Amino acid sequence: MDIYNYIDGEFTLPISGNMLDNLNPATGQIIARIPDSNNDDVATAAEAAKLALPSWRGLTKGERINWLNKIAQALEERSEDIAKTESMDTGKPIALARRVDAARSISNFRFFAKHAEQLTENKFTMADATNYVIRKPVGVVGLITPWNLPLYLLSWKVAPALVMGNTIVAKPSEMTPMTANLLAKTLDDLDFPKGVVNIVHGLGPSTGQAILEHPEISAISFTGGTETGKIVAKTAGPMFKKLSLELGGKNATIILDDADLETAATGAAKAAFTNSGQVCLCGSRVLIDAKIYDAFVPKFIDAVAAMKVGNPDDESTDIGSVISQQHMEKVLSYIELAKQEGGTIAHGGQRIIPNHASLQNGSFISPTVIENLSISSRCATEEIFGPVVTLHKFDSDLAAIEMTNSTQYGLAGSIWTSDTARGKQLAKQIDSGILWVNTWLHRDLRTPFGGVKNSGVGREGGDWSLNFFSELSNICVKDD
Ligand code: TXE
């Protein structure tokens, strides 16, 4: 099927007419073609967004909230289609696409509809004057999203941007364009106001870069790799665009000596291998108190070994294909590097070709557990973003904190202990944006989401999203 840009309420081919192939990573088959858009397509989309801005921002907040709820309802009616499409486009198991991608895409719209309701304007009174803090939309905003959680992350940005009165130029990853197209079709079916949401497909350095550079686009919300995040900052920074950068991670899962080993092993395996380790929040390093290392590791490996790698269409599959052959090669090269760096493969370590005729060209990798690597090795400090985890011993809580904070990233992490006060105390000393104690990926959407160091700049979620997608003005009125 051909996927088109969605600009000014119309599905259009790119001005150049050039199209790109989109593959199903599990089969290696071409499943769609998408526009290879360029500056002209982005300029057309930005113009449409600019023209649509006065009427969209002119709606009341209540009217925009109604639209978000209508979109959520319409997405919910096609949630199975979203799940199946996302699974086909990313290679992830259908059960995961239902439980995480489709469900969260719907709840993102519902959440921000509800959260915006409680938004109040601030007022500060002085002896002889009153200050009224008012919110205005930023204007036309650029949303650039990655391939690991395509509609989940696009909707996470579209919903708050819309409810705060902005209009949008969005570019999904060229690797996973299909559910963004479902969103466009949903908006079209709802007769959503034309030009408010514009989706332009294409490659990062051409289409994405054009969004970064367009003078009418006043804010960029970006989720993706750290290296690309640097390009975003370098391009948009000097143009004084508002920036929200959600980048990579190298998160630690810390197993304290008083942890319940079964619970921690299951939790650490889930944190390491959900979505084949292709979530920025995944726990790719497991730090284990030396006193319980020998008791914990066999339980962890049992939990990993129980994970079924195979056909994403199979309800019982836990681990599907990674996003592409190229990414599979990158992940496998890190496994080879680990051996050169002195690591030993405790489980997995190889490509898997499921015995299913259609999956022979897929990019499946067994969940891989590597021991005996230094905490400062490349495999333990660089983001691999695949089903690979390294195990490390520590001999004190202080050492665990130092090892955790020793990478260039600072996004997330989890701590497993039977003493939650101890866990919380440890969490406070970790330089990351998000810490879980005795759980992982347990999300309250009102909380701030984002990281420090090479994991990004800014926070999204709850009020932080609403603040990012609005400009504040203070009006000070002298008393009569
Ligand atoms: O990110 P990219 P990808 C990390 C992870 C992964 C790496 C690459 O390490 O291996 O990033 O993943 C667009 N100007 N994470 O390829 O390349 C691109 O088209 C403007 C962590 O997804 O950064 C896509 O739409 N845009 C992350 C988006 O940026 C550009 C989740 C992300 O692409 C561009 C995913 C440019 N010059 C990957 N170049 C997380 N934190 O969740 C690319 N793009």
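How far from an oxygen atom of the ligand does a polar side-chain atom of Lys330 lie? In this predicted model, local features need pLDDT of at least 70 and side-chain atom pairs count only at pLDDT 80 or more, while totals for chains, interfaces and linings use all residues. Residues are numbered from 1 along each chain as its sequence is written, and side-chain values use heavy atoms, with hydrogens and water left out.

**View 1. Polar side chains at the ligand oxygen atoms.** A polar side-chain atom of Lys330 lies 3.3 Å from an oxygen atom of the ligand, and for Lys171 the corresponding distance is 2.8 Å. Thr228 likewise places a polar side-chain atom 2.8 Å from an oxygen atom of the ligand. On its own the ligand has 800 Å² of accessible area (Shrake-Rupley method, 1.4 Å probe), of which the protein covers 88%.

**View 2. The shell around the ligand.** The ligand is surrounded by 28 residues (a heavy atom within 4 Å), and the closest are Thr145, Trp147, Glu174, Leu247 and Glu383. By class, 11 residues of this shell are nonpolar, 12 are polar and five are charged, where Asp, Glu, Lys and Arg count as charged and Gly is among the polar residues.

**View 3. Elements and domains around the ligand.** Helix 7 (204-213; helices are DSSP runs of H or I with at least four residues) gives the most to the shell, with five residues. Because domain 1 (5-247 + 455-478) and domain 2 (251-444) both give residues to the shell, the ligand lies between them; the domain bounds come from an automatic or database domain assignment.

Key:
Polar contact = N/O pair within 3.5 Å; in protein donor to acceptor, adjacent residues only side chain to side chain. Helix = DSSP H or I, 4+ residues; strand = E, 2+ residues; numbered from the N terminus.
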